[in-house]
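Me: I would like to learn how to read this structure, one feature at a time. Can we start with how helices touch?

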Amino acid sequence: MEQAGATAGATGDGAVPATAETTAKTTTEPLLGIGELSTATVWPASAVVAPGGDIAVAGVSLAELAERYGTPAYVLDEDEVRARARAWRRALPDAEVVYAAKAFLCRAVVDWVEEEGLGLDVCSAGELELAATRGFPADRIVLHGNAKSPQDLRTALRLGVGRIVVDSACEIARIAAQVPGPDPQRVLVRVLPGIEAGAHAKVRTGAEGQKFGLSIADGDAADAVARILGQSPLELAGLHCHLGSQITDAEPYAEAVRRVVAFLADIRDRHGVTLPELDLGGGFAVAYLPGDPAPAPGVYARSITEALAEACARYGLPLPRLTVEPGRSIMAQAGIALYRVLAVKRTGGRVFVAVDGGMSDNPRPALYGARYTVRRVGRASAAPMRTATVVGRHCEAGDVLAEAVELPEDIRAGDVLAVPASGAYQVSMASGYNMTGRPPVIAVSAGRSRLLIRRETFEDLRQRDVGL
Ligand SMILES: Cc1ncc(COP(=O)(O)O)c(C=O)c1O
């Protein structure tokens, strides 16, 4: 486990106020040099060690948040989200930065993304409708999906989204037939460049033999391009590719650029059209454990823009307008999960610390073997640290939240645990398993907290159960 002052914030000086609703006395540290330096910290930049074994984020005590809102609960540092969104815009000033809503979306996040000048990548009518409730500009929305439902397409076309990403040949005619007005719908073709990248087989989407995209190698992408060019209600704006998730190295992006630009040249040669847009998707890595490789946006940006300039020069193509779709790298570090310990079991030479959440609010360890670090907050002691396994409360032996973490030996029921790097793909993937109810999401900023999403109650669950 990381040492308090080293990773729980830049200024661990104990000057943070102990109450949840007072204005912070320390100013929030900006993500210093995020365009240049490693971003391999697991906590938000505002996190500081507070008295009594606590941590304060944006000037708000995590222990007090657990008390006030109950547990499990998710805390989201608004300024961290905004700083990371800005860092991407600074790293790629000429590109479009589109936030991948699947990482986490609520109405407040829609507003933050809009105010920071980003676009929005959605993959369902639900995400689209939520964005529309806040008046998010539809032309800045990109609709994805390997299997778009009739409702997804109807909603996208009614709202007039900027681009629809075609993921299979059979949806081309469906989209074309539904375009409402005289203006053509802009579409991108999602291509498979045949590149293996990403932290786990289940999140590698740039290689052949999985469900996403249209292969360049076997000609499916070329067939889709030809079909779209023959549909007057559609305007083929460019190509899209998304390699996967937690990609810790910029080189796969550079290689994807080379392969996709070669395909752009092929399209020009065959059809005489020069496509103006190239969307490289997301997948940029974050640190889940202290020291995990997590290149800053500037590192990816440099590699991508250099490869793009070189490849376009080689094929005599103008530079296409670039789009990137970061999700995790904007949201993960801004979020902290809070749990209360329900039981501590010492058995078979191991210590199991069981908490009041688990795979229903964070399925990532069970899905991908994801690792986390954990810290007790709100109770200091001189007890030595011991290796423990933090498990959830669900009826699965695989409901393990964090393997081999260091926790104080005197850990006991009632203690509060904080799990950093919890902002992405946790609440958005939460399930109703065991009817425990999905957790609330609380925003913190400038020493204040506010509820963004309330806890799901038993009454919510009962109301959906409408038949006997
Ligand atoms: C098409 C597309 N774009 C962007 C993303 C965002 O990826 P990440 O959150 O890893 O940046 C995803 C994630 O699955 C995706 O499928």
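Reply: Start with the word contact: it means heavy atoms within 4.5 Å. Helices (H or I, at least four residues) and strands (E, at least two) are DSSP runs, numbered from the N terminus. This is a predicted model, where local features need pLDDT of at least 70, side-chain atom pairs count only at pLDDT 80 or more, and totals for chains, interfaces and linings use all residues. Residues are numbered from 1 along each chain as its sequence is written, and side-chain values use heavy atoms, with hydrogens and water left out.

Me: Which residues of helix 8 and helix 9 meet?
Reply: From helix 8 come Ala-221, Ala-222, Val-225, Ala-226 and Leu-229. They meet Phe-263, Ile-267, Arg-270 and His-271 of helix 9.

Me: At what angle do helix 8 and helix 9 pack?
Reply: Two packed helices are described by the angle between their axes and the distance between the axes. Axes are lines fitted to C-alpha atoms, for helices over the stretch in contact, and angles run from 0 to 180 degrees between N-to-C directions. Here helix 8 (residues 220-229) packs on helix 9 at about 45°, and the axes are 11 Å apart. That makes helix 8 oblique to helix 9. The scale is this: under 35 degrees is roughly parallel, over 145 roughly antiparallel, 65 to 115 roughly perpendicular, and the rest oblique.

Me: Is the crossing of helix 8 and helix 9 left-handed or right-handed?
Reply: Look at the near helix. If it is turned anticlockwise from the far one by less than a right angle, the crossing is left-handed; if clockwise, right-handed. Helix 8 passes helix 9 in a right-handed crossing. By class, their contact has seven nonpolar, one polar and one charged residues. Ala, Val, Leu, Ile, Met, Phe, Trp, Tyr, Cys and Pro count as nonpolar, Asp, Glu, Lys and Arg as charged, and the others, Gly among them, as polar.

Me: How do helix 9 and helix 10 pack?
Reply: Helix 9 (residues 251-271) and helix 10 (residues 297-315) pack at about 30°, with axes 9 Å apart. That makes helix 9 roughly parallel to helix 10. Their crossing is right-handed. Residues in the contact include Val-257 and Val-261 of helix 9, and Ile-304 and Leu-308 of helix 10. The class count is 13 nonpolar, one polar and four charged residues.

Me: What about helix 5 and helix 6?
Reply: The axes of helix 5 (residues 125-133) and helix 6 (residues 150-159) come within 9 Å and cross at roughly 30°. Helix 5 and helix 6 are therefore roughly parallel to each other. The crossing is left-handed. Leu-128 of helix 5 and Leu-159 of helix 6 are among the residues in contact. This contact has five nonpolar, two polar and three charged residues.

Me: Now sheets. What is the strand order in the open sheet of three strands?
Reply: Two strands pair if DSSP finds at least two bridges between them. The order is 1-2-3, with antiparallel pairing. Strand 1 (48-50) and strand 3 (60-61) are at the edges with a single partner strand each, so one side of each has no neighbour in the sheet. Three bridges join strand 1 to strand 2 (residues 54-57). Ala-50 stands opposite Asp-54 in strand 2.

Me: Which strands pair with strand 13 in the parallel sense?
Reply: Strand 5 (residues 96-100) pairs with strand 13 (residues 321-324) over two bridges. There, Val-97 has Val-324 as its bridge partner. Strand 12 (residues 277-279) also pairs with strand 13 in the parallel sense, over three bridges.

Me: How many salt bridges does the structure hold?
Reply: A salt bridge is a side-chain nitrogen of Lys or Arg within 4 Å of a carboxyl oxygen of Asp or Glu. The structure holds 30. One of them joins Glu-78 and Arg-450, at 3.2 Å from N to O. Glu-78 lies in helix 3 (residues 78-91) and Arg-450 in strand 21 (residues 448-453), 372 residues apart.

Me: Where is there a cis peptide bond or a positive phi?
Reply: Most residues other than glycine have a negative phi, and most peptide bonds are trans. A cis bond joins Thr-71 and Pro-72, with omega about -10°. Ala-421 has a positive phi near 60°. Ala-446 also has a positive phi, near 45°, in the hairpin of strand 20 and strand 21.
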